[in-house]
Amino acid sequence: MAYITTTDLSARLGATLYARLTDRVHGTTADNDVAQQIVAAAEAEADSYLAKRYATPLDLVAQPELVGVLQARVLDLAEHAAWKSSPFVSDPPQRIRMLHATALAWFEAVARGAVDRKSVV
């Protein structure tokens, strides 16, 4: 089961920004293939941390209490990646950099065992 979808990323960014960050030619038309690559990379990055303690991908159907927090953190990674990979922006805004840093710190804490996946709700 996927942690996030391109629809989730689009909803987070809004249609205009989603197009700007996923269109590699003009920055005006959303490219769902590019967005899917961003989503897949964010999920892989999340799993690289989670796999240090758990079998991945995590089964969110069996553990619905994890959906909200995991989706938010993976979206933070994906949003940062979308900004970083766009040819039309030079650097992510400070808010995006902070969300990314917070998400990485959370995943690192999970990997160290400092956050138990059952206690994240």
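This is a predicted model: local features need pLDDT of at least 70, side-chain atom pairs count only at pLDDT 80 or more; totals for chains, interfaces and linings use all residues.
Colleague: OK. How many salt bridges does a search of the whole structure find?
Modeller: Five. One of them pairs the side chains of Arg12 and Asp76, at 3.0 Å from N to O.

Colleague: Which parts of the chain does that pair link?
Modeller: Distant ones: Arg12 is in helix H1, residues 6-13, while Asp76 is in helix H4, and they are 64 residues apart.

Colleague: And Asp76, buried or exposed?
Modeller: Buried, with a relative accessible area of 5%.

Colleague: What does Glu79 meet in a salt bridge?
Modeller: The side chain of Arg95, with 3.4 Å from N to O.

Colleague: Is Glu79 buried or exposed, then?
Modeller: Glu79 counts as buried, at 2% relative accessibility. Arg95, on the other hand, is exposed, with a relative accessible area of 51%. The cut-off for exposed is over 50%.

Colleague: What about Asp91, which residue does its side chain meet?
Modeller: Arg97, again in a salt bridge, at 3.4 Å from N to O. Both ends are partly exposed: Asp91 has a relative accessible area of 40%, and Arg97 has 32%.

Colleague: Which residues do salt bridges with shared partners join into one network?
Modeller: Arg12, Arg73, Asp76, Glu79 and Arg95.

Colleague: Changing topic to H1. Which of its residues are buried?
Modeller: Thr6, Leu9 and Leu13. Looking down the axis of H1, those buried residues fall within an arc of 60 degrees, so they line one face of the helix.

Colleague: Why would residues spaced like that point the same way?
Modeller: An α-helix has 3.6 residues a turn, so residues three or four places apart point the same way.

Colleague: And what's on the other side of H1?
Modeller: Thr7 and Ala11 are exposed there. As for the buried residues of H1, what covers them includes helix H2 (15-22), H3 and H4.

Colleague: How about the ends of H1? What does the side chain of Thr5 reach at the start?
Modeller: A side-chain oxygen of Thr5 comes to within 3.3 Å of the backbone nitrogen of Thr7. Just after H1, Gly14 has a positive phi of about 90 degrees.

Colleague: What follows H5?
Modeller: Gly113, and its phi is positive too, near 90 degrees.

Colleague: How far does H5 reach from its first C-alpha to its last?
Modeller: 27 Å, over 19 residues, which is close to the 27 Å expected at 1.5 Å a residue.

Colleague: Which helices do its buried residues pack against?
Modeller: The buried residues of H5 pack against H3 and H4. Among them are Ile96, His100, Leu104, Trp106, Phe107 and Val110.

Colleague: Last thing. Where is Pro57?
Modeller: In the loop between helix H3 (32-50) and helix H4 (67-85).

Colleague: And is the peptide bond from Thr56 to Pro57 cis or trans?
Modeller: Cis, with omega near -5 degrees.

Colleague: What form do most peptide bonds take?
Modeller: Most peptide bonds are trans.

Notes:
Residues are numbered from 1 along each chain as its sequence is written. Side-chain values use heavy atoms; hydrogens and water are left out. Helices (H or I, at least four residues) and strands (E, at least two) are DSSP runs, numbered from the N terminus. A salt bridge is a side-chain nitrogen of Lys or Arg within 4 Å of a carboxyl oxygen of Asp or Glu. Buried means under 20% relative accessible area, exposed over 50%, partly exposed in between (1.4 Å probe, protein chains only). The arc is that of the directions from the helix axis to the C-beta atoms. Contact means heavy atoms within 4.5 Å. A polar contact is a pair of N or O atoms within 3.5 Å; within protein, one must be able to donate a hydrogen and the other to accept it, and residues adjacent in sequence count only if both atoms are side-chain atoms. The expected span of a helix is 1.5 Å times one less than its number of residues.
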